[in-house]
Amino acid sequence: MPHSACGILRIRVAPTLVMGVQPLLSLCLSALVPCSLLAQGVASPNAQPVKALEASGLPWGAEFVDTAREAGLDLEFTYGGRDTKSYIIESNGSGAAFLEYDGDSRLDVFLINGSTLEGFPEGDAPMNRLFRNVGDGKFEDSTGSSGLGRSGWGSAVCAGDYDNDGRLDLFVAYWGADSLYRNRDDGSFADSAAMAGVAERSKQWSSGCTFVDYDRDGLLDLLVTQYQQFDPETAPPRARRRTANGKACPSTAIRGGSRLAA
């Protein structure tokens, strides 16, 4: 760390604001930080970056061990070609959420999966998975009875009680129609996206999402960010352009946007 005098910074992420491309989990992260926080990087075009202090030489006291497989979280993620990827949509990745969906006070795990442009035979497509926390650091696959086992190009997930019934619901952003899963309080969810008006078009790529009460009326609103409209049937073939150093790299055209559902 860059300073010898340290304090403890505890960061809390509420379970109603769980988002993806990279998993954002309900967690507490404790880290040693300088007691006097200094700005890092440029805040505006006229600001000068703050030079980092020398490292303290103190050892980092945290150690993380991957226990996913022994805990029962055995999902193998699929997103685009395994060896090569022709379009940017294949390199984005999916999301994950920790949420307490069944009222037992234990955090469960919902993992979003993707697909490939070639597709899969009927019944073989990868799907999203819901793992229920059974205690003692173990999870069991509850996807079959949950109503969450959709296949497709999932990009992100967020959790929030959008209908104010005291139960956490889920929104999943897709390349294609999005899903809004209402918690039915019996271990299962019902997709209410079309009824709620948030399903979106079939070729739209929704890349991120979050629930937030932006107008302070006590009702959770939904912000969905969209990256581009992508259709492999009309997309240009994989092109290559030359960079300044003469090397070739893929190129593509991007059209972006965002939408807010109140």
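## A chat about the model

Guide: Val212 is partly exposed, with a relative accessible area of 36%. Bear in mind that this is a predicted model.

Visitor: Where in the fold is Val212 found?
Guide: Val212 belongs to strand S11, which covers residues 204-212.

Visitor: Let me step back. How many helices and strands are in the chain?
Guide: The chain has three helices and 15 strands. It has 262 residues, of which 34% count as buried. Its accessible surface is about 15500 Å², with 53% of that belonging to carbon and sulfur atoms.

Visitor: What about contacts between residues 24 or more positions apart?
Guide: They make up 55% of the contacts in the chain with a separation of 6 or more.

Visitor: OK, inside now. Which residues have the most contacts in the largest nonpolar core?
Guide: Leu99, Phe110 and Leu170 do, in a core of 15 residues. Strands S3 (96-99), S7 (153-160) and S8 (169-175) each give two or more residues to this core. S8 provides the largest share, three residues.

Visitor: What is Phe110 in contact with, leaving aside neighbours within four places in sequence?
Guide: Its contacts include Leu99, Leu130, Leu148, Val157, Leu170 and Val172, and also Asn128 and Arg129. There is a second, separate core too, with twelve residues, among them Ala156, Cys209, Phe211 and Leu222.

Visitor: Switching to rings: how many aromatic pairs are there?
Guide: The count is four. One of them is Trp153 with Trp175, edge-to-face at 5.7 Å centre to centre and 70 degrees between the planes. Trp153 sits in strand S7 and Trp175 in strand S8, so this pair ties together parts 22 residues apart in sequence.

Visitor: Are those two tryptophans, Trp153 and Trp175, buried or exposed?
Guide: Trp153 and Trp175 are both buried. Trp205 is in strand S11 and Tyr227 in strand S12 (residues 221-229), 22 residues apart.

Visitor: Is Trp205 buried or exposed?
Guide: Trp205 is buried, at a relative accessible area of 1%. Tyr227, on the other hand, is partly exposed at 27%.

Visitor: Which residues form an aromatic cluster with Trp153?
Guide: Tyr79 and Trp175 are in one cluster with Trp153.

Visitor: Last topic, charges. How many salt bridges does a search of the whole structure find?
Guide: It finds eight. In one of them, Asp102 meets Arg132 with the closest N and O atoms 4.0 Å apart. Asp102 is in the loop between S3 and strand S4 (108-111), while Arg132 is in strand S5 (residues 129-135), 30 residues apart.

Visitor: What else does Arg132 form a salt bridge with?
Guide: Asp104, where the closest N and O atoms are 3.9 Å apart. Asp104 lies in the loop between S3 and S4, 28 residues from Arg132. Asp104 is partly exposed, with a relative accessible area of 22%. Through shared partners, Asp102, Asp104, Arg106, Arg132 and Glu140 join into one network.

Visitor: And what is the N to O distance for Arg167 and Asp165?
Guide: It is 2.8 Å in that salt bridge, and Asp165 is partly exposed at 27% relative accessible area.

Technical notes
Residues numbered from 1 in each chain as written. Predicted model: local features only at pLDDT ≥ 70, side-chain atom pairs only at ≥ 80, totals over all residues. Heavy atoms only, no water. Helix = DSSP H or I, 4+ residues; strand = E, 2+ residues; numbered from the N terminus. Buried < 20%, exposed > 50% of the residue type's maximum accessible area, 1.4 Å probe, protein only. Core = buried A, V, L, I, M, F, W, Y, C linked by side-chain atoms within 4.5 Å. Contact = heavy atoms within 4.5 Å. Phe/Tyr/Trp six-rings, centres within 6.5 Å; stacked < 30°, edge-to-face > 60°. Areas by Shrake-Rupley, 256 points an atom, 1.4 Å probe, with all protein chains shown as cover. Salt bridge = Lys/Arg side-chain N within 4 Å of Asp/Glu carboxyl O.
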